[in-house]
Amino acid sequence: MPWALRMTLMLTLVGSVLHFYVWRKIANSTAELSGWQKKRVGWMVALVALWCIAYPVLGAIGYSFKFTNLLGLIQRPGGWTNILLIYPFWLGLIFAAQLAMGFLLIDFADLFLSRIDSYRKSWMKYRVWLALGLSCIVIVYVVVRVYRDTWTVRTRERIVEIANLPAELENFRIIHIADLQAANETNGSKLQNYVDVVNRLKGDVIFFSGDVVTSGTEFVEAGAQAMGKMTATHGIYAVVGDHDLFGDKALVKRKLQENGINVLDNLAAIIPVQASALSITGVTNAYRERPSQATLATIESQRLKGAVNIFLIHQPSPDLVDFAKSKGYDLFLAGHTHGGQIVFPLPGFLLTGSSFETPYVTGFYQVDKMLVSVNNGLGLTLAPIRYHAPAEVTLIRLKRANDSQN
């Protein structure tokens, strides 16, 4: 079974519980408020819920019964397939998950207010309005938020203070990007817009944390050419990511190099800046290829330290964060997570699949004297949308630390 279909079916199993809970609440509240026959309302709502899971169900039917035309339609989405099946699936899943949190709060309040005589009657009335009102608010919010996060690129900035920073590196502009993932959904104007955002920042150097493509080799050329259109005074340095390895690592590296990108595959380099220099270590860290302790030791024995020492990687694995910290790196630059791509922020925790893989999901993390930057990237994996995890370009500006802080 294709990986994408297997994953969507797994999500459907979990999502079905949320769909049942949420749509049952909506059906009961609608019937109670309108006076319509409860059974009729239930059937109407059930049809909407079934529409929300039609995409993986049709995919499973196509795979199980070898309906190649149906399976091909599901596996190579676009146009009406997106509108009628794929977007309703993902939007419905997000809607059900987000609304379930609100309904749980209503049910919690119901445990107490429905048992207090002075509040029972009014609460039973307003509970219905609250449920339907919340449903309307959430569905509008989800659609607007998904559209904004999927189709816009934000810039995230951070000033990093470095002890004894040479004058020529004061206000030095480092652009960090990741997960370009050229594909059907990330191509043409979307790629060009991302390139334009990067170039408008006028970076001194660009670091790319891997994943030129989403899958296969069809879009390697487009991804590499987009990278080649980016400009920085002291060049562009890149590592490879998971999807590059899933496709063709050698091809990705060659195409990047043909477009003027310096690819660091378990290598260290020096970037001269007038009389000073940056030290950059690029390590390949992906599901299919992990750096051994011997590899890390070899890189460390060969690298020259600079005024600023940077560790560039794809996956922000905690053990490698600890390794870089122990070796005195100033910056640790990673991608891979897409910022979670679909995220439900909770107090003190981001509810997303990436949170169960690494504590470094999105943004900046101060680990002793080293700053960890995890870039959301541009591309998409599995879902063709983003939610609470917009595409982004990271700008890091270097400043000399005050002597009193040293």
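**Aromatic pairs, salt bridges and a helix contact**

Student: How many aromatic pairs does the structure hold?

Tutor: The structure holds twelve aromatic pairs. Keep in mind that this is a predicted model.

Student: Take Phe311 and Phe332. How far apart are the ring centres, and at what angle are the planes?

Tutor: The centres of Phe311 and Phe332 are 5.4 Å apart and the planes are at 10°. Planes under 30 degrees apart count as stacked, so this pair is stacked.

Student: Where do the two residues lie?

Tutor: Phe311 is in strand E8, residues 308-312. Phe332 is in strand E9, residues 331-334. The pair therefore ties together parts that are 21 residues apart in sequence.

Student: Is Phe311 buried or exposed? And Phe332, buried or exposed?

Tutor: Phe311 is buried, at 1% relative accessibility. Phe332 is buried too, with a relative accessible area of 0%.

Student: What about Tyr360 and Tyr365, what kind of pair is that?

Tutor: Tyr360 and Tyr365 are edge-to-face. The distance is 5.3 Å centre to centre, with 90° between the planes.

Student: Which accessibility values go with Tyr360 and Tyr365?

Tutor: Tyr360 has a relative accessible area of 12% and is buried. Tyr365 comes out at 22%, which counts as partly exposed. The cut-off for buried is under 20%.

Student: Back to Phe311. Which residues form a cluster with it?

Tutor: Phe311, Phe323, Tyr329 and Phe332 form one aromatic cluster.

Student: Which charged end sits over the ring of Tyr329?

Tutor: That of Arg303, 4.1 Å from the ring centre. Trp151 has a charge over its ring as well: the charged end of Lys190 sits 4.5 Å from the centre.

Student: Switching to charges. How many salt bridges does the structure hold?

Tutor: The structure holds 14 salt bridges. Lys249 and Glu289 make one of them, at 3.0 Å, N to O.

Student: Which parts of the chain does that pair tie together?

Tutor: Lys249 lies in helix H10, residues 249-258. Glu289 lies in the loop between strand E7 (276-282) and helix H11 (293-302). So the pair ties together parts that are 40 residues apart in sequence.

Student: And the accessibility of Lys249 and Glu289, what is it?

Tutor: Lys249 is at 18% and counts as buried. Glu289 is at 23% and counts as partly exposed.

Student: Which residue does Lys253 meet in a salt bridge?

Tutor: Asp265, at 3.1 Å, N to O. The pair links distant parts of the chain, twelve residues apart. Lys253 is in helix H10, and Asp265 is in the loop between strand E5 (262-263) and strand E6 (267-273). Lys253 is partly exposed at 21%, whereas Asp265 is buried at 17%.

Student: What does Arg254 pair with?

Tutor: Arg254 forms a salt bridge with Glu258, the closest N and O atoms being 3.9 Å apart. Both residues lie in helix H10, four residues apart, about one turn of the helix. Arg254 is partly exposed, with a relative accessible area of 42%.

Student: Which residues are linked with Arg254 in a network of salt bridges?

Tutor: Glu221, Lys255 and Glu258 are linked with Arg254 in that network.

Student: New topic, helix packing. At what angle do H1 and H2 pack?

Tutor: At about 145°, with their axes 9 Å apart. Helix H2 covers residues 38-52.

Student: Is the crossing of H1 and H2 left-handed or right-handed?

Tutor: The crossing is right-handed. The contact involves residues of H1 including His19, Trp23 and Ala27. From H2, Val41, Val45 and Cys52 are among them.

Student: Tell me about His19. Where is it, and is it buried or exposed?

Tutor: His19 is in helix H1, residues 3-34. His19 counts as buried, at 6% relative accessibility. Beyond its neighbours within four places in sequence, His19 is in contact with Arg24, Cys52, Ile53, Gly92, Leu93 and Ala96.

Student: Last one, Lys229. Where does it lie?

Tutor: Lys229 lies in the loop between helix H8 (220-228) and strand E4 (236-238). Lys229 is partly exposed, with a relative accessible area of 48%.

Student: How far is the C-alpha atom of Lys229 from that of Asn259?

Tutor: The two C-alpha atoms are separated by 8.3 Å, and the residues are 30 residues apart along the chain.

Note on methods:
Residues numbered from 1 in each chain as written. Predicted model: local features only at pLDDT ≥ 70, side-chain atom pairs only at ≥ 80, totals over all residues. Heavy atoms only, no water. Buried < 20%, exposed > 50% of the residue type's maximum accessible area, 1.4 Å probe, protein only. Contact = heavy atoms within 4.5 Å. Phe/Tyr/Trp six-rings, centres within 6.5 Å; stacked < 30°, edge-to-face > 60°. Lys NZ or Arg CZ within 6 Å of the ring centre and 35° of its normal. Salt bridge = Lys/Arg side-chain N within 4 Å of Asp/Glu carboxyl O. Axes fitted to C-alpha atoms, helices over the stretch in contact; angles between N-to-C directions. Left-handed = near helix turned anticlockwise from the far one by under 90°.
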